[in-house]
Amino acid sequence: MTILDGKKVSNDIKNEIKAEVDKMKANDEKVPHLAAVIVGNDGASLTYVGSKVRACERVGFESTMVRLSNTTSEVELLDKIEELNNNDDIDGFIIQLPLPPQINTQKVLMAVDPNKDVDGFHPMNFGKMSLDMSTFIPATPFGILELLDRYEVETKGKHTVVIGRSHIVGRPMSILMGRKGFPGNSTVTLTHSHTKNITQITSQADIIISALGIPKFLKAEMVKDDVVIIDVGITRVPDDSEKGYYITGDVDFENVSKKASFITPVPGGVGPMTIAMLLKNTLLAREQHRKHNR
């Protein structure tokens, strides 16, 4: 059994990006600039955005954090997005989700310039991804592809089962694993909360990508020997420890890992890859803007 070590791979990617940025600096070129918009005081969101800002510092990017109050109106947020769209200094930006209830999330994501949409959530980028055109791939699916690639996990002709159909992970993963090329060329089954006989389906899978958010949902008896497991879930489960909780994924790691050929740990698997790929998308955005401005 091989651990797909997202922490190690994400560090490798950050080092590669830093080397690119050092070259840019040596040539007196503009370095990539990532902005993050956060509305309200959600603790988890603040932690995520803080780690993104630190990652930018590490690779030599410029970063801007735009903090707006919980009472920000939809119009005010759309004005701020328009400002970022028109700011030539900013190569890419993200809107940290979830947004407060008074704001229509879909309307906001639609307002982001697709050329700066480094989260890959805009319908134009999602459509391009579906058609195998080059575009920004959402960071978590992009990170999963990179892990499969760097560990040379065979995907061609394999049966991939995706659990969960979110627009951020499940749906894009089901498209990407079925595309031509590597990683891809697998036969994909997309399962969700209404799927019947899920054990029957998962027990036939060569690769399982679980993004459900239910702690330890996937048990050893639900998988076959030598399965490849990608666990995207991350849940805080209350316990009696000093912290008051422990973090676990969708997979019963202790037992499933005994049957798996490759498996991602939680934490330290898919999570660190997401930020690394967001940086990679920002680097791609910078390259595109440079070519466009020639």
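Predicted model: local features only at pLDDT ≥ 70, side-chain atom pairs only at ≥ 80, totals over all residues.
In what order do the six strands of the open sheet lie, and in which sense do they pair? The order is S1-S11-S8-S7-S5-S6, and the pairing is parallel.

**The six-stranded sheet**

Select residues 2-3 and then 187-191. These are strands S1 and S6, the edge strands of the sheet, each of which pairs on one side only. Next, select residues 227-231 and 260-263, which are strands S8 and S11; they run parallel and are joined by three bridges. To inspect one of the pairings, display Ile-229 together with Ile-263, its bridge partner in S11.

Now colour residues 138-289. An unreviewed UniProt entry annotates this span as "domain: Tetrahydrofolate dehydrogenase/cyclohydrolase NAD(P)-binding".

Centre the view on Ala-211, in the loop between strand S7 (207-210) and S8. Which residues does Ala-211 contact, once its neighbours within four places in sequence are left aside? They are Ile-163, Gly-164, Val-169, Val-232 and Asp-250.

Move to residues 4-119, which the unreviewed UniProt entry labels "domain: Tetrahydrofolate dehydrogenase/cyclohydrolase catalytic". This span is 49% helix and 16% strand, with its end C-alpha atoms 23 Å apart.

Select residues 33-39 (S2), 62-68 (S3) and 92-95 (S4). These three strands form an open sheet in the order S3-S2-S4, with parallel pairing. S3 and S4 stand at the edges and have a single partner strand each, so one side of each is left without a neighbour in the sheet. From one strand to the next, the twist averages 15°. Four bridges link S2 and S4 in the parallel sense; for a close view, show Leu-34 and its bridge partner in S4, Gly-92.

**Helix H1 and its two partners**

Select helix H1 (residues 6-26) and helix H10 (residues 270-292), whose axes come within 8 Å and cross at roughly 25°. H1 is therefore roughly parallel to H10, and the crossing is left-handed. Display the side chains of the contact: among the H1 residues are Val-9, Ile-13, Ile-17 and Met-24, and those they meet in H10 include Met-273, Ala-276, Leu-279 and Leu-283. By class, this contact has 10 nonpolar, two polar and six charged residues.

The axes of H1 and H6 are 11 Å apart, at an angle of about 100°. The two helices are therefore roughly perpendicular to each other. Here Gly-6, Val-9, Asp-12, Ile-13 and Glu-16 of H1 meet Glu-146, Leu-147 and Arg-150 of H6. The residues of this contact divide into three nonpolar, one polar and four charged.

**Helix H2 against H10**

Return to H10 and select helix H2 (residues 43-59). Their axes come within 10 Å and cross at roughly 55°, which makes H2 oblique to H10. The crossing of H2 past H10 is right-handed. From H2, Ser-51, Lys-52, Ala-55, Cys-56 and Val-59 meet Ile-275, Leu-278 and Leu-279 of H10. In this contact, six residues are nonpolar, one is polar and one is charged.

Pro-98 belongs to the loop between S4 and helix H4 (105-111). Then select Phe-182 and Pro-183, where the peptide bond is also cis, with omega near -10°. Pro-183 is in the loop between helix H7 (170-176) and S6.

Finish at Asp-132, in the loop between helix H5 (123-130) and H6. Although Asp-132 is not a glycine, its phi is positive, at about 65°.

Notes. Residues numbered from 1 in each chain as written. Heavy atoms only, no water. UniProt positions renumbered as here; feature names shortened; annotations may be inferred. Axes fitted to C-alpha atoms, helices over the stretch in contact; angles between N-to-C directions. Parallel < 35°, antiparallel > 145°, perpendicular 65-115°, else oblique. Left-handed = near helix turned anticlockwise from the far one by under 90°. Contact = heavy atoms within 4.5 Å. Nonpolar A, V, L, I, M, F, W, Y, C, P; charged D, E, K, R; others polar. Pairing = 2+ DSSP bridges.
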